[in-house]
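Try each one before you read its solution.

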Amino acid sequence: MTDTAISPSRPDQSAPQDRHNLAPIFISHGSPMLVARQSTPAFDFFVGNLGRHTDGVRAILMVSAHWQTAEPTISTAARQETIHDFYGFPQPLYQLHYDVAGDPALARQIADQIGCATDDARGLDHGAWMPLILARPNADIPVFQLSMLAHGGPSDHFELGKKLRGLRDLGVLVVASGAMTHNLRALDRHEGPIDPWAIEFTTWMIDRVRAHDIDALLDYRRLAPHAAMAHPEDDHLMPFYVALGAASDDFAPDVIHDSYEFGNLAMTALRFYGPNEDRIAA
């Protein structure tokens with residue numbers, strides 16, 4: 001892996017935006033080693049499909065499991081610092097930088113619209129920049145980040161997501177970055193067969209999404225099979241609820257990626273299309 005520095009070019013803000021590309025997305029960002037594991041299906045998804053799913057938008061609002069605050073906060077920095085918030089990984093990972101622009105005026109407009117705080121110093125954590133360094137290596141779309149609630153549960157994040165529904169009208173794409181399963185102690189570094197509990201949990205979540213069973217999803221901790229095994233702590237699942245809340249009431253879900261790494265780390269990605277939004281072909 002070589003050192004990477006990426007220079008952004010600002011998109012033409014006057015260009016028409018593709019409304020069908022503004023359906024919210026949930027991605028499982030996986031391990032910080034994602035960028036180095038170039039033979040995996042997830043790597044192929046981030047490098048190929050995710051880039052097409054983000055084409056034509058004015059800006060990207062990232063919601064990552066790795067930024068939590070007492071109240072929702074939007075980053076308003078003009079240039080987004082690359083935050084290396086992981087430890088004990090190969091040194092080349094710490095030399096990667098995603099030199100992308102923010103959009104302070106637009107970020108402040110959104111903060112006013114949804115009633116949240118701003119932070120003009122916060123950059124992008126690895127849950128935000130790692131997927132984008134693969135999907136949009138030219139850093140050609142402004143990016144800013146919205147924090148999660150440090151003490152919020154599924155319902156809190158679902159309601160936070162609802163406040164983001166109006167971002168479609170601004171040409172802003174919501175990308176929520178977390179994990180469909182996240183039990184680091186259970187990972188199989190030898191990558192043997194996929195653990196049945198991971199498959200059963202992921203299948204239950206997707207089935208409930210397809211059934212529009214929001215009540216069951218909000219009560220996943222009690223109802224989903226192997227919930228505590230899939231998420232000993234549920235912070236990495238909370239971005240899913242932000243994307244779910246940002247979707248229209250009559251959303252049409254699409255599983256845009258489905259694979260596993262390290263025996264049980266589900267790399268599931270979902271898109272929540274509205275009734276008049278065209279699906280992007282795989």
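## Pocket, cavity and rings

The lining of the largest pocket has 9 nonpolar, 7 polar and 1 charged residues. Here Ala, Val, Leu, Ile, Met, Phe, Trp, Tyr, Cys and Pro count as nonpolar, Asp, Glu, Lys and Arg as charged, and the others, Gly among them, as polar. This is a predicted model, where local features need pLDDT of at least 70 and side-chain atom pairs pLDDT 80 or more, while totals for chains, interfaces and linings use all residues. Residues are numbered from 1 along each chain as its sequence is written, and side-chain values use heavy atoms, without hydrogens and water.

**Exercise 1.** Find which residues lie nearest the centre of the largest pocket.

*Solution.* Start with the definition: on a 1 Å grid over the protein atoms alone, a pocket is an open set of points with protein on both sides within 12 Å along at least five of seven lines, whereas in a cavity a 1.4 Å probe fits but cannot get out; lining residues have an atom within 4 Å of a point. Next, take the 17 lining residues; Ser31, Pro32, Phe89, His182 and Leu184 lie nearest the centre.

**Exercise 2.** Describe the lining of the largest cavity by residue class.

*Solution.* First, list residues that line this cavity, including Leu22, Arg165, Arg168 and Ala246. Then sort the lining: 7 nonpolar, no polar and 2 charged.

**Exercise 3.** Classify the pair of Phe86 and Tyr94.

*Solution.* Rings of Phe, Tyr and Trp (its six-membered ring) pair with centres within 6.5 Å; planes under 30 degrees apart are stacked, over 60 edge-to-face, the rest tilted. The structure holds 9 such aromatic pairs. At 4.9 Å centre to centre and 35 degrees between the planes, Phe86 and Tyr94 are tilted.
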